[in-house]
Amino acid sequence: MFARDLDDAERWVADWSASISERAEQARRLAERVARLTGSAEAAGGLVEVRVDSGGALVGLHLDDRLTGWPPARIEREIMTALRRAQAGLTDRVAAAVAETVGADSETGRAVLDGYDRRFPAPDDGSPGTRRAR
């Protein structure tokens with residue numbers, strides 16, 4: 001009886017250890033994928049284009065020459081609109097990476113998705129990149 005209990009305990013520890021190793025590998029793969037993600041969007045009918053890195057920071061901005069003469073406040077609004085859209089799109093891409101690696105229902109997946117959702121709320125303008133159902 002003692003030998004059986006010991007075998008069961010050893011098997012449980014081995015299974016637990018393998019499970020931890022697998023989750024760590026999934027988290028590593030997720031981190032690598034997310035680090036490579038970018039988002040992009042446009043506003044003002046394509047006259048404003050932005051690109052964001054995996055952290056949502058602006059890394060690219062293109063302003064079309066046809067914006068010349070627009071009031072600065074309007075250009076600013078269009079840039080911010082495009083930025084929010086790009087960040088929301090990035091969040092959707094992160095959600096796909098989470099689903100494919102650790103799973104959206106895992107503790108890690110929920111933590112990553114909640115962090116992106118808090119930092120980059122979906123724009124309320126009906127643009128693409130509006131949040132996925134959870």
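Modeller: Happy to, and keep in mind that this is a predicted model. Let's start with strand pairing: the bridge partner of Glu-42 in β2 is Glu-49.

Colleague: Which strands does that pairing join, and in what sense do they run?

Modeller: Strand β1 (residues 39-43) and β2 pair in the antiparallel sense, over five bridges. They form a hairpin with four residues between them, and Ala-44 in the turn has a positive phi of about 55°.

Colleague: And what is the bridge partner of Glu-49 in β3?

Modeller: That is His-62. β2 and strand β3 (residues 58-63) also pair in the antiparallel sense over five bridges. Their hairpin has five residues between the strands, and here Gly-56 is the turn residue with a positive phi, about 85°.

Colleague: How do I read the two faces of a strand?

Modeller: In a regular strand, side chains alternate between the two faces of the sheet. Now look at β2 (residues 48-52): Val-48, Val-50 and Val-52 make up its covered face, while Glu-49 and Arg-51 are on the uncovered one.

Colleague: What about the faces of a helix?

Modeller: An α-helix has 3.6 residues a turn, so residues three or four places apart point the same way. In α3, the buried residues are Gly-109, Leu-113, Gly-115 and Tyr-116. They cover an arc of only 155° around the axis, which puts them on the same side of α3. The face turned away from that buried side carries the exposed residues Glu-107 and Arg-118.

Colleague: Which residues have the most contacts inside the largest nonpolar core?

Modeller: That core has 25 residues, and those with the most contacts inside it include Val-48, Leu-90 and Tyr-116. At least two residues each come from α1, β1, β2, α2 and α3. The biggest share is from α2, with 10 residues.

Key:
Residues numbered from 1 in each chain as written. Predicted model: local features only at pLDDT ≥ 70, side-chain atom pairs only at ≥ 80, totals over all residues. Heavy atoms only, no water. Buried < 20%, exposed > 50% of the residue type's maximum accessible area, 1.4 Å probe, protein only. Arc of directions from axis to C-beta. Pairing = 2+ DSSP bridges. Core = buried A, V, L, I, M, F, W, Y, C linked by side-chain atoms within 4.5 Å.
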